[in-house]
Amino acid sequence: MASIKEIRTHIKSVEQTLKITNAMYLISSSNLQKARKQLTDVEPYFQKIETTISDILHHSPEISHVFFDKRPDVQPEDRKIGYIVITGDKGLAGAYNHNILKLAEQKMSQHPHTSLFVVGQVGRSYFQEHGIPIDVEFLYTAQDPNMGRARDMAELMIDLYLEEQLDEVYILFTRMVNTFRMEPTVHKLLPLDPDVFPDYEKNRDTYNRDVVYVPSVKAVMDRLVPGYVKGDIFGALVESYCSEQNARMTAMKSSSDNARAMLQNLNLSYNRARQAAITQEITEVVGGAQAAL
Amino acid sequence: MAQTGTFTLEIITPERQFYIGPAEALVLPAVDGQMGIYPGHEPVVTAVEPGELRYKVENKWEPAAVGAGFAEIKPDYVILLVGFAEHPEEIDRKRAEAAKLRAEERLRQKQSVHEYYHSKAALARAMARLKTRR
């Protein structure tokens with residue numbers, strides 16, 4: 001059995017860790033509440049924008065516009081693909097960062113020409129450690145997502161796409177299915193592809209007539225697509241932030257629980273050791289007294 | 001379809017669902033001017049400019065300031081997805097005026113193309129708010 005002093009230091013260190021994990025638990029649960037509210041506010045917009053775009057795409061199959069150009073003349077092995085990867089700014093969030101990074105690596109291994117745009121400090125340092133080049137000027141934090149940041153990111157992606165530095169743009173983020181399930185998800189941002197949009201028309205009224213664009217297809221798409229990309233990125237940022245806080249809360253809760261269980265065991269062995277020491281002392285005193293008689 | 005003479009109007013922003021319900025008519029700021037919509041309109045997709053929007057509910061015109069976005073119009077259903085939407089009483093006139101001055105100030109300076117568009121967008125937003133507030 002470990003000595004009393006050893007157990008004492010062990011208990012102290014576990015108590016210190018417990019303080020930290022508990023504080024992180026409280027912080028992330030309060031952040032989560034805020035993030036949840038934002039998520040419930042943004043979700044209808046996010047969903048509507050997808051259903052509407054899908055509706056528009058399915059009603060007007062023949063759009064020739066630069067945002068719909070899949071660039072079929074570019075060979076598959078020459079395609080330049082951009083990935084926006086949304087990670088957390090901090091670790092200690094369970095498997096949250098790990099899952100999204102694993103997905104990113106898996107996606108990257110399929111194509112020779114990929115560029116990475118990483119949101120969040122954890123992802124940046126991970127790719128730097130592994131010697132994978134990332135866009136160093138793409139510096140955005142994952143904290144408190146807002147529309148301005150989504151707009152800047154959307155503008156950058158659209159510029160790169162239009163300058164043909166990228167042929168396809170994807171966003172990798174963590175979708176929060178429910179409190180217990182978070183799924184790393186890939187979403188295609190550019191070019192717009194009617195095939196990736198699920199058909200929502202079953203529960204909607206169907207008009208077989210083609211949609212009219214006022215004033216012109218180009219004018220509408222020039223405004224609509226950047227708005228869509230911006231909305232999509234914003235939705236992904238909010239969704240990821242919410243998932244991160246949720247993952248951290250769960251991780252910190254389980255580690256606090258573990259620390260408490262550990263403390264209980266340690267206290268038990270501490271008391272045992274103390275009891276044993278006292279008993280031993282008494283025996284020694286009694287033994288000494290008897291010997292003195 | 002709801003009762004005749006109305007269509008379902010949805011005005012949705014990233015922050016909130018501004019209005020979901022029946023409307024008798026709608027006037028929205030499109031790219032090339034105001035666009036009026038009554039029930040039974042042909043299916044149209046159009047871009048929305050920052051500006052003043054009006055919708056008619058129970059014979060009363062309700063004004064609102066909206067940001068850039070787009071609208072999908074169907075005979076019995078209109079959906080607007082815009083950057084922001086505000087009731088006139090929610091608009092802070094002083095703040096909008098200050099934003100307008102700021103944007104004008106920025107536009108006078110040399111800027112990159114993106115900055116120029118941001119300033120222009122900010123100016124358009126401020127103007128839309130001021131126009132609706134009056």
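## Where the chains meet

A:Y213 stands opposite B:V45 in β5(B). This is a predicted model: local features need pLDDT of at least 70, side-chain atom pairs count only at pLDDT 80 or more, and totals for chains, interfaces and linings use all residues. Residues are numbered from 1 along each chain as its sequence is written, and chains are lettered from A and ligands numbered from 1 in the order in which they are written.

β5(A) and β5(B) (residues 44–48) pair in the parallel sense, over three bridges. Strands pair if DSSP finds at least two bridges between them. Strands (E, at least two residues) and helices (H or I, at least four) are DSSP runs, numbered from the N terminus.

## The wider interface

In total, 26 residues of chain A are in contact with 23 residues of chain B. Contact means that C-beta atoms, placed from the backbone, lie within 7 Å. On the chain A side, α1(A) gives the most, with nine residues.

## A hairpin in chain A

β3(A) (residues 168–178) and β4(A) (residues 181–190) run antiparallel, joined by nine bridges. A hairpin of two residues links them. A:V169 has A:L190 as its bridge partner.

## A strand enclosed in chain B

β9(B) spans residues 77–82; five of its six residues are buried, so the strand is largely enclosed by the rest of the structure. Buried means that 20 or more other C-beta atoms, placed from the backbone, lie within 10 Å of a residue's own.

β9(B) pairs with β1(B) in the parallel sense over five bridges. β8(B) runs antiparallel to β9(B), with six bridges. B:L81 is the bridge partner of B:I12 and of B:F70.

Conventions. Buried ≥ 20, exposed ≤ 12 C-beta atoms within 10 Å, placed from the backbone. Contact = placed C-beta atoms within 7 Å.
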